[in-house]
Amino acid sequence: MFEDAENFADIFRGGLPYLLIALPVILICSANPVLASSEFSVQRMSQFDVNGVSYGCRASALSLEAKSLYTWSTGRHCVVAKLQDISIEQFREIRQKAGGLVILLPKNVSAMTFEEKEHLNLLEQSMLSQANSIPIYFSPYNEELERVISDVTRTSSINNDGKAQRSSAAAELFASISANGYQVIVSGASHTASKNSKIPIIQGELAATSKILKQVENGGEANSKLPLIIIAAHLNTFGLYNEYPLNADAAVLLTLADVFSKLHNTPNAVPKYRLLFLLTESGTLLNFQGVKKWLDENVQLQNVDFVLCLDTITQALNAEAGSLYMHVSKPPKEGTAMNEFFKLLKINAAQYENITVDGVHKKINLADQLVAWEHERFSMKRLPAFTISALKSPKEPIRSTIFKDSEERIIEQTRLHAKIIAESLAHYIYGIQEPSEIFADKLQIHHKMIKFYMQLKSALHNNDLKNAFEKYLKNVKIMYDKPDTRDPDFMLYDGQEARLNVYHVKPAVFDLFLTIIICAYLASVYFFIQYFPAMYDTVCKLTKAQTQVTQSNSNNTKSKLN
Amino acid sequence: MCNEMTLYHFGNCIALVYVPYYLTYKYSGLSEYGAFWKCIQAGGIYIFTQLCKMLVLATFFDSDTLNGSGEGFSFLAELLKSSVNVADLLGFALILSRIPGKGHNKLITTGLGWAAAEVILSRGIMLWVGARGTEFSWVYILKCLESNVLLVQHITTATLMWLFSRHDLNKSLKPLVTILLALTIFKGVWLEGLLSVLTFGPWSTIAVKALIASIMGFMSLHVYTGLAQQIGI
């Protein structure tokens, strides 16, 4: 083919049909090459269904142009912003009209001011309160993404200035050409319902040892007839996104199991009570589904003195020491076990840093889809139940927050609350009326204990939780609450982990502009080549003149010599 | 939409690289002589030369010295690498001796064939993969401009090599030609070294390279015209 080609254009004349076929084939075959400028690992916002109502983020695909909070306008824009910069109003608008949202999480939440933390909390609550049809992703703090955000915001401010001035069309055109754009692409995420979504429920019992059992039997009581106290808490495995929030309640529950098992093993100190520890991995967000399931499985609970539920025993953010609340569905009557415990709790709390305990009465609203407190599930089954919490109202946004303050303060406060509850419970069990410290010396509740129990992960991830239960308790059982296939009470979703790519792109106008520049350049190259012979001639004349001069010079010298 | 835009950008880059080559071919008179096949041959010799160079580099030089000590400009490594560039000159000499041609056309054929082969082999893949990516970068436009400069440089080298091989070249001009050839070979050392010392930006680097290529081109043109008139081509 090359031999036949008389000139360059002949090649194309002959090969054009092939080229026309081959080029599209090549284009289709070769996927768009990905040269990642910056890649971030991101978390998709949590997604779950409760009682057929959807919550969280309902989408996952994202490939849009990045815009700042102030410049986005259509569904073809993805808003990229820092969490603390988004107002609730802005979020509402974004979730309705924008195409996506990428949020950079704050670097250090504990260093923020009280108001900023409050804002985070309220924003978090409004995000989780309903289903969002746009994909929302969270990135842990990193400088590169922050630079992208500041870049996007800065170009927007330049554009805003341009709008304000409107001085010249050329200036505006130039601004649009020189603007830096970013393309945001997320890969690896999905939003399919998880096939094995289940809620683990773990329980364990602390009963009198056989030696004591005999004594009791002598007294004519079987072990199963001993009065039962249920201590219930929940472990949250996710919040706004797929990460463990502060699980102070589970830590307190395990601490109680720890110290009471030590107490049970102390000779002559065995109480005539059975303690049942119940930990479900479904909190406020999942409407305490685990407890519902557990109550359905354990219909015949007898001889239950009361059910002690733990909920937000320590606030994860802006924790204020000073008060605990005992929430009940029905005010306890004089002489009941609950009332007695409440009195003991008040007395004991006053011993430690003057903490006050107030009773809060809230009737169960059966019309409400969501249960306000965990104890309501028990109360509905006519079990005497109450919740101890640091919060006064069940509607506080802090309940499901994923953000945490610095650990030391939280641990100290949790330890104190655990101590108060443990002391009150022990006082109740042994029937001691006067305040006296039972958990001292060997039975002391340490910081380390709390810290360790706070790090426990879901029973679906590892066996730490099961091992901890088995270490201190007997009859440890794990059951799983799976959603019904036809009418699921709850549903969890897959595809939380994803990769976010941010590409540096230029607007379409820029490429057009570039084409004009390149054309001008090529035209100059063309003229240069066209005028090259003329230039060649000039140089020729120059050299000719020189050679003539040198020749005449040499002639002169020759003639002189002659 | 994004995909089309990147393809458009790729088209921009391709135009910037290859159109000057086409214009040179078309308007320098080569197309009238049907020198296309000769250009291909020159390209073939370019490939052969590069293979020989790679063989030499791989055989005689330690890869550590070649890569230098990490980042930055390494004088010794560059010097060693450049010394192998003598093979380039041999390649040019081979093309000039093997390819029949008349006067100017011979030189343009050699330079163009050589530069075209280089640009297709070294830039083609990079542009195909890079400029079509979603990520925008000025690097590709810069590389395209640089390949334009290389075209001028290679035609200059072909001219110098031809002048060097002539016996009827004025004796007083011989040292100048030799110096220019040496400068071409060791361009990697002195030019890159200078640029890294002066810490020029990417755009000024290209500008300096273009300036130096045109100065050297003009000097060789000056020498060439003298000889061409003397022997009457």
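Q: What pattern does chain B follow along the sequence?
A: Chain B reads α-α-α-α-α-α-α-α-α-α-α. Bear in mind that this is a predicted model.

Q: How many helices and strands in chain B?
A: Chain B has 11 helices and zero strands.

Q: What does the C-alpha trace of chain B span along its principal axes?
A: The trace spans about 60 × 45 × 35 Å.

Q: How much of chain B is buried?
A: Of its 233 residues, 35% count as buried. As for contacts in chain B with a separation of 6 or more, residues 24 or more positions apart account for 81% of them.

Q: Which residues of chain B does UniProt annotate as "transmembrane region"?
A: The unreviewed UniProt entry gives residues 6–23, 35–61, 176–200 and 206–227 of chain B.

Q: How much helix is there over residues 6–23 of chain B?
A: Residues 6–23 of chain B are 100% helix and 0% strand, and the end C-alpha atoms of that span lie 25 Å apart.

Q: And over residues 176–200 of chain B? What's the helix content there?
A: That stretch of chain B is 88% helix and 0% strand, with its end C-alpha atoms 29 Å apart.

Q: On to packing. At what angle do α6 and α8 of chain B cross?
A: Helix α6 (residues 86–98) and helix α8 (residues 139–165) of chain B have axes that cross at roughly 75° and come within 10 Å. That angle makes α6(B) roughly perpendicular to α8(B).

Q: Which residues make the contact?
A: From α6(B), the residues are Leu89(B), Phe92(B), Ala93(B) and Leu96(B). The α8(B) side supplies Thr157(B), Ala158(B), Met161(B), Trp162(B) and Ser165(B).

Q: How does the contact of α6(B) with α8(B) split by class?
A: It has seven nonpolar, two polar and no charged residues.

Q: What about α5 and α10 of chain B, how do their axes cross?
A: The axes of α5 (residues 75–83) and α10 (residues 187–198) of chain B cross at roughly 145° and come within 8 Å. Phe75(B), Glu78(B), Leu79(B), Lys81(B) and Ser82(B) of α5(B) meet Gly188(B), Val189(B), Glu192(B) and Gly193(B) of α10(B).

Q: And by class, how do the residues of that contact divide?
A: The contact of α5(B) with α10(B) has three nonpolar, three polar and three charged residues.

Q: Switching to chain A. What's its secondary structure?
A: Chain A comes to 15 helices and 19 strands. Of its 562 residues, 38% count as buried. Among contacts in chain A between residues at least 6 apart in sequence, 80% join residues at least 24 apart.

Q: Which residues of chain A have the "transmembrane region" annotation?
A: In chain A, the unreviewed UniProt entry puts it on residues 16–35 and 508–529. Residues 508–529 of chain A are 100% helix and 0% strand, and the end C-alpha atoms lie 32 Å apart.

Q: What is phi for Asn303(A)?
A: Near 60°, which is positive in a residue other than glycine. Asn303(A) sits in the loop between α8 (289–297) and β13 (304–310) of chain A.

Q: Is Asn303(A) buried or exposed, and why?
A: Asn303(A) counts as exposed because it has 10 C-beta neighbours inside 10 Å, and the cut-off for exposed is 12 or fewer.

Q: Where is Thr312(A)?
A: Thr312(A) is in the loop between β13 and β14 (323–328) of chain A. Its phi is positive too, about 45°, although Thr312(A) is not a glycine. Thr312(A) is buried, with 23 other C-beta atoms within 10 Å.

Q: Last one: where is His447(A), and what does it touch?
A: His447(A) is in helix α12 (residues 447–454) of chain A. Not counting residues up to four places away in sequence, His447(A) touches Ile411(A) and Arg415(A). His447(A) is partly exposed, with 13 other C-beta atoms within 10 Å.

Key: Residues numbered from 1 in each chain as written. Chains lettered and ligands numbered in written order. Predicted model: local features only at pLDDT ≥ 70, side-chain atom pairs only at ≥ 80, totals over all residues. Axes fitted to C-alpha atoms, helices over the stretch in contact; angles between N-to-C directions. Helix = DSSP H or I, 4+ residues; strand = E, 2+ residues; numbered from the N terminus. Parallel < 35°, antiparallel > 145°, perpendicular 65-115°, else oblique. Contact = placed C-beta atoms within 7 Å. Nonpolar A, V, L, I, M, F, W, Y, C, P; charged D, E, K, R; others polar. UniProt positions renumbered as here; feature names shortened; annotations may be inferred. Buried ≥ 20, exposed ≤ 12 C-beta atoms within 10 Å, placed from the backbone.
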